[in-house]
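My notes follow in the order I checked things.

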Amino acid sequence: MLAETHHRLLSSLHASTTTSTRRTRLQSSNKCRFVSFTARRLRFGTKRNTSRFRAWGKPISSSTTKDETTTETLRKDDDDGEKGAVFQGVYEFAKHRCYYERKGDVKAAKVHVIFLHGFGVGTFHYRKQLNALSDEEVCAWSMDICGQGKSWPRSGEDVRDFEYSMDSWRDQVEYFVREVVLKSSTEEAKVKVVLAGNSLGGKLALYVAATSEDITDGIILLNATPFWGFLEMRVRFLTKENEFIVKLTQPYWDNFRSKENVRRLLTLVYADKTKIEESLIENIIEPTENEFAIRAFISTFTSPKASRLSYDEMLETIRDRNESMFFKVALCYGREDPWVVPLWGQRLKRVIKNATYYELSPSGHCPNDETPEAVNAVVRSLLDEWFLNTTTTSVRRTLPKQIDGVSIELVDGSPRNVFEKVDYWKDTFVSKLLSSSSA
């Protein structure tokens with residue numbers, strides 16, 4: 001989340017050179033869609049399988065254990081223990097001790113929703129969702145990606161060849177779903193898995209769903225960033241092991257993680273400044289004290305972009321899954337987000353036409369934390385509609401239009417202001433131009 005400013009500056013330069021390519025990729029006939037989708041199914045597989053995992057994850061230890069650094073307000077809740085507490089667990093992945101939280105009946109739940117956080121935050125950003133959404137039918141999870149929150153390596157040697165990148169985080173999420181979430185359920189073949197992500201976590205949800213089709217049944221995007229990473233390949237000297245780069249970065253890093261700067265960045269992206277709690281600022285700063293934090297920061301911004309699929313190819317794959325396999329897709333965006341403005345939601349809606357798109361107002365870049373009651377109402381209504389035998393009509397009728405002063409509007413993707421109209425006309429013009437040239 002805190003890195004969006006850095007990415008926005010780079011993206012403005014990057015966008016002008018990629019617009020034509022992006023739009024060309026998104027134009028395809030129904031026949032081409034079927035062929036490409038079939039090829040992707042053959043490549044990634046569609047049958048849910050938790051018995052294998054090719055990446056660097058290790059088998060989970062005999063039982064997940066309580067993280068010694070967790071706050072006293074949360075505690076480990078064994079299956080036979082007191083109901084209503086949040087479970088805290090750890091697992092090993094790529095020589096990292098990775099942290100997660102969950103709440104709900106993990107064995108009996110019909111739906112497992114896994115929340116993926118943005119850059120600079122962690123599981124604490126979703127505690128308002130875990131407490132509100134979990135019950136006997138829904139088990140809510142949140143996890144810290146490597147190099148964020150409480151997921152860190154045990155030693156410097158453990159991360160010498162590890163990149164804090166989209167590819168590594170993609171593999172981590174897949175491992176977590178297969179080896180932790182699904183293996184915790186008594187009926188893993190029947191349960192539904194939904195990935196919900198904010199900012200970087202939204203793009204990560206797209207990436208996982210597009211490349212690991214057998215473990216996901218739906219995604220919910222919360223102001224998902226469309227860009228992350230700009231390098232096509234690793235630049236040899238730009239590494240976290242380069243001591244000169246570390247020393248050069250140190251002054252910027254110290255300022256970036258200062259309490260004043262964290263507060264300033266949050267005021268940019270929260271529509272209601274009163275929702276910026278001191279505990280949020282402290283939770284964001286705490287992981288930066290880790291001895292490996294600056295190297296993880298360097299690696300994050302010098303690692304190559306996602307290697308398996310481009311952002312547009314992710315959208316194409318999700319669109320095809322949505323049209324061909326009844327894969328569920330929804331957007332829940334804060335309208336006042338100055339970084340991922342509504343225009344990006346409009347573009348995504350135009351590509352994935354069947355996606356359900358809600359806008360919340362006033363709400364900024366992190367609606368899950370700023371306007372949790374509205375987000376929770378939308379998420380629960382979607383889960384009911386998709387998987388819990390509730391009809392679309394009744395769900396739409398019971399979802400209020402406003403909660404605690406925050407409006408909840410179902411959006412059809414039509415352009416509403418001059419910027420959205422110009423973007424729509426440009427897309428329409430390019431589409432017609434490509435269609436006429438191929439005729």
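The model is predicted.

**Salt bridges, overall**

I searched the whole structure and found 24 salt bridges. I then went through some of them one by one.

**Glu278 and Arg263**

I looked up this pair and found the side chains in a salt bridge, 2.7 Å from N to O. Glu278 belongs to helix H8 (residues 278-285) and Arg263 to helix H7 (residues 259-269), so the bridge ties together parts 15 residues apart in sequence. Arg263 has a relative accessible area of 31%, so I noted Arg263 as partly exposed. Glu278, at 34%, is also noted as partly exposed.

**Arg295 and Glu243**

Here the closest N and O atoms of the salt bridge are 2.8 Å apart. I placed Arg295 in helix H9 and Glu243 in helix H6 (residues 243-256), so this pair ties together parts 52 residues apart in sequence. Arg295 is partly exposed at 25%. Glu243 is partly exposed at 42%.

**Asp171 and Arg308**

I found a salt bridge between Asp171 and Arg308, with the closest N and O atoms 3.9 Å apart. The pair links distant parts of the chain, 137 residues apart. Asp171 sits in helix H4 (residues 166-184), while Arg308 is in the loop between helix H9 (293-302) and helix H10 (311-324). Is Asp171 buried or exposed? Its relative accessibility is 9%, so I logged Asp171 as buried. Arg308 comes out at 21%, which means partly exposed.

**Backbone checks**

Which peptide bond is cis, with omega near -5°? I found that bond running from Ser361 to Pro362. Pro362 lies in the loop between strand S9 (356-361) and helix H12 (367-370).

Ser199 is not a glycine, yet its phi is positive, about 60°. I located Ser199 in strand S6 (residues 192-199). Its relative accessibility is 0%, so Ser199 counts as buried.

Asn223 is not a glycine either, and its phi is positive at about 50°. I located Asn223 in strand S7 (residues 218-224). I logged Asn223 as buried, with a relative accessible area of 0%.

How values were computed: Residues numbered from 1 in each chain as written. Predicted model: local features only at pLDDT ≥ 70, side-chain atom pairs only at ≥ 80, totals over all residues. Heavy atoms only, no water. Salt bridge = Lys/Arg side-chain N within 4 Å of Asp/Glu carboxyl O. Helix = DSSP H or I, 4+ residues; strand = E, 2+ residues; numbered from the N terminus. Buried < 20%, exposed > 50% of the residue type's maximum accessible area, 1.4 Å probe, protein only.
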